[in-house]
Amino acid sequence: MTTPLVGILMGSESDLPVMEKAAEVLRDMGVAYEMDISSAHRLPEKTAEYARGARDRGIEVLIAGAGMAAHLAGVIAAHTTLPVIGVPLKSGALDGVDALYSTVQMPPGMPVATVTIDGAKNAAYLACSILSIKYPEITHKLEQFRAAMRKSLEEKSEELRKRQGR
Ligand code: RP5
């Protein structure tokens, strides 16, 4: 896949270390993505234009990460009917609780699927689940990932039980 299916936006360059984790998951899953900085407050026009044009450019799911008074995901949702996943980011005096509330409390009819604070990885897995409805290769990758996770946990469980002589 080369045309980006997922658009990852973040409010500031300071969000990149966390949001890069979403990109990493998408790379592992073989899902093409694009990533940019666009703030609901500092770059409102750019944010609106990006969201309005996303569907026509082939984007199918949007991920938006922002901290503090986090309005990025909600503003994106206001300008597109594509699914929007919000990642509240830990930052400032309230440690991300402010961003969680800002992102999750959308009015009826304007949903943002909100993951946990700094939950960039889960945002990417959820994007993959949404895309898997249409792309069997992404379903296959998700199944492989879940199987590997199960195997690793079973091995750790066995090791722990062995150490106890069980
Ligand atoms: C938000 O404010 C950004 O998403 C970031 O999480 C936070 C702080 O931004 P910077 O001051 O580091 O640019 O808009």
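The domain bounds I use come from an automatic or database domain assignment. For this protein chain, that assignment gives domain 1 (6–131) and domain 2 (135–166). Their C-alpha centres are 29 Å apart.

A word on the source. This is a predicted model, where local features need pLDDT of at least 70, side-chain atom pairs count only at pLDDT 80 or more, and totals for chains, interfaces and linings use all residues. Residues are numbered from 1 along each chain as its sequence is written, and side-chain values use heavy atoms, with hydrogens and water left out.

Now the interface. Eight residues of domain 1 are in contact with five of domain 2, contact being heavy atoms within 4.5 Å. About 670 Å² is buried between the domains, 67% of it from carbon and sulfur atoms; buried area is the accessible area (1.4 Å probe) that two parts lose on being put together, summed over both. On the domain 1 side, M29, Y125 and L131 supply 61% of the area buried against domain 2, more than any other three residues.

Last, the ligand. Which residues surround the ligand? They are G11, S12, S14, D15, R42, A66, G67, M68 and S91, each with a heavy atom within 4 Å of the ligand. An N or O atom in the side chain of S12 is 2.6 Å from a ligand oxygen. For S14, a side-chain N or O atom is also 2.6 Å from an oxygen atom of the ligand. D15 has a polar side-chain atom 2.6 Å from a ligand oxygen.

Definitions and conventions: A polar contact is a pair of N or O atoms within 3.5 Å; within protein, one must be able to donate a hydrogen and the other to accept it, and residues adjacent in sequence count only if both atoms are side-chain atoms.
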